[in-house]
Amino acid sequence: MAWFGLPFARGRSLAVVCASFTLVAACGGPMMMPTEDGGAVRPTNCSNPCVCADRGPPDYRYEATGAPAATASADQRAALVRTNRWRTAAGLAPVDGNSQVDDAATQHAQFMASNQQSCWPGAHNQSNAAGCMGFTGRDPGARITAAGYTWSTYGEVIDWASTPESAVDEWLWTVYHRQPFMRFEYVHIGYGRVRGPFNGREAFHNVMNFASPRGGATPTRPAAFVVFPVPGQTDVPPGFRGDLEGPTPPAPGTLGVWPRGLSSGTVVSAHFNDSNYEVAEHELYRSSPSNNQCEPVEHTFISRANDMNLRNGKDVFLYANQQLPAQTEFVVRLRGVVNGANFERTWAFTTR
């Protein structure tokens, strides 16, 4: 299990600090996937959510539709495909690679691998003090600018996983680090991976930046909101070690502080297309498909109303108070209002 840092995101009119990653987006290419409703408003009247749940299946056909940068390495191409596997399955447009954003991410990964941690306090920052080699910018925005990219918004995530695919997956199965992957506003990503010392061992320093260019094309907006895990997704991790994410999300249940080594259930989320939304009801069930029975599962729900790290975002999250059993189907139901219209969204996923 890798350690996670605090994501960092910034736009011209919005600044959010929530974990160890930076988001960057740029102009995307033409949409190569059919227009999905992306979790569009669906008022329904289903008395038994375990009967009416959307079970997909997920559509992963468009994972390779993002255009890599011309100079992209095999690792950068792999990270792009893995990112778009999850984005397009959720109903978002694919992001493209960008050589300047790749350079910014790679240079920061190299800086971390080449220097003691005192040179990069907080993971997203670089120091140009004596003895710190390869300084390219104090924060992600400065580094992306130094690489030649003129951004309107950006973000960054950092991880120490062994492969590009596992780094993307570890980011996705957290709370705050999932946010940039599910933001429709981003159109470009950059990825860097450099081996070097970390906490007394050799590790890969993985850095991903997300960005959109100033004056670039308008990103493709989903109809209402997208959810993750996606409907019908299988092989979902049953647990989440919130103590390994920085900042640490609210502890499950009434624990107050997340105890070291404690796993909650997997992280479930919804990501809205603007700030005009309200989730009035949230439900999690253990499903028995053989007899259509729904067993309520106690869970923790976090949003901008009760988590300061989400105060400027468009995301809500929930996780069971205890780790979920393996090879079991679960159903989520959300009800509320988005863009002035009532919605009900009910979907299922299965743990590995």
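## Overall picture

Of the protein's 352 residues, 57% count as buried. The model is predicted. Its secondary structure comes to 5 helices and 18 strands. Among contacts between residues at least 6 apart in sequence, 72% join residues at least 24 apart.

Strands of a sheet pair through backbone hydrogen bonds, either parallel or antiparallel. Strand S13 (residues 277-288) and strand S17 (residues 329-338) pair in the antiparallel sense. The pairing of S13 with S17 runs over 9 bridges. Glu-283 has Arg-333 of S17 as its bridge partner.

## Helix H5 and its cover

Helix H5 spans residues 164-172. Its buried residues are Pro-164, Ala-167, Val-168, Asp-169, Trp-171 and Leu-172. An α-helix has 3.6 residues a turn, so residues three or four places apart point the same way.

What covers the buried residues of H5? The cover includes helix H2 (74-90) and strands S5 (151-159), S6 (188-198), S7 (201-213) and S8 (225-228).

## H2 against H5

Two packed helices are described by the angle between their axes and the distance between the axes. The axes of H2 and H5 come within 8 Å and cross at roughly 35°. The crossing of H2 past H5 is right-handed.

From H2, the contact uses Asp-75, Ala-78, Ala-79, Arg-82, Thr-83 and Trp-86. From H5, it uses Pro-164, Glu-165, Val-168, Asp-169 and Leu-172. Sorted by class, this contact of H2 with H5 has 6 nonpolar, 1 polar and 4 charged residues. Pro-164, Val-168, Asp-169 and Leu-172 of H5 take part in the contact and are also buried.

## His-205 in strand S7

Strand S7, part of the cover over H5, holds His-205. Is His-205 buried or exposed? His-205 is buried, with a relative accessible area of 0%. A polar atom of the His-205 side chain lies 3.1 Å from the backbone oxygen of Pro-197.

Leaving out residues up to four places away in sequence, His-205 touches Ala-109, Met-112, Ala-113, Trp-120, Asp-159, Trp-160, Gly-192, Arg-193, Val-194, Gly-196, Pro-197 and Phe-198.

Notes:
Residues numbered from 1 in each chain as written. Predicted model: local features only at pLDDT ≥ 70, side-chain atom pairs only at ≥ 80, totals over all residues. Heavy atoms only, no water. Pairing = 2+ DSSP bridges. Helix = DSSP H or I, 4+ residues; strand = E, 2+ residues; numbered from the N terminus. Buried < 20%, exposed > 50% of the residue type's maximum accessible area, 1.4 Å probe, protein only. Contact = heavy atoms within 4.5 Å. Axes fitted to C-alpha atoms, helices over the stretch in contact; angles between N-to-C directions. Left-handed = near helix turned anticlockwise from the far one by under 90°. Nonpolar A, V, L, I, M, F, W, Y, C, P; charged D, E, K, R; others polar. Polar contact = N/O pair within 3.5 Å; in protein donor to acceptor, adjacent residues only side chain to side chain.
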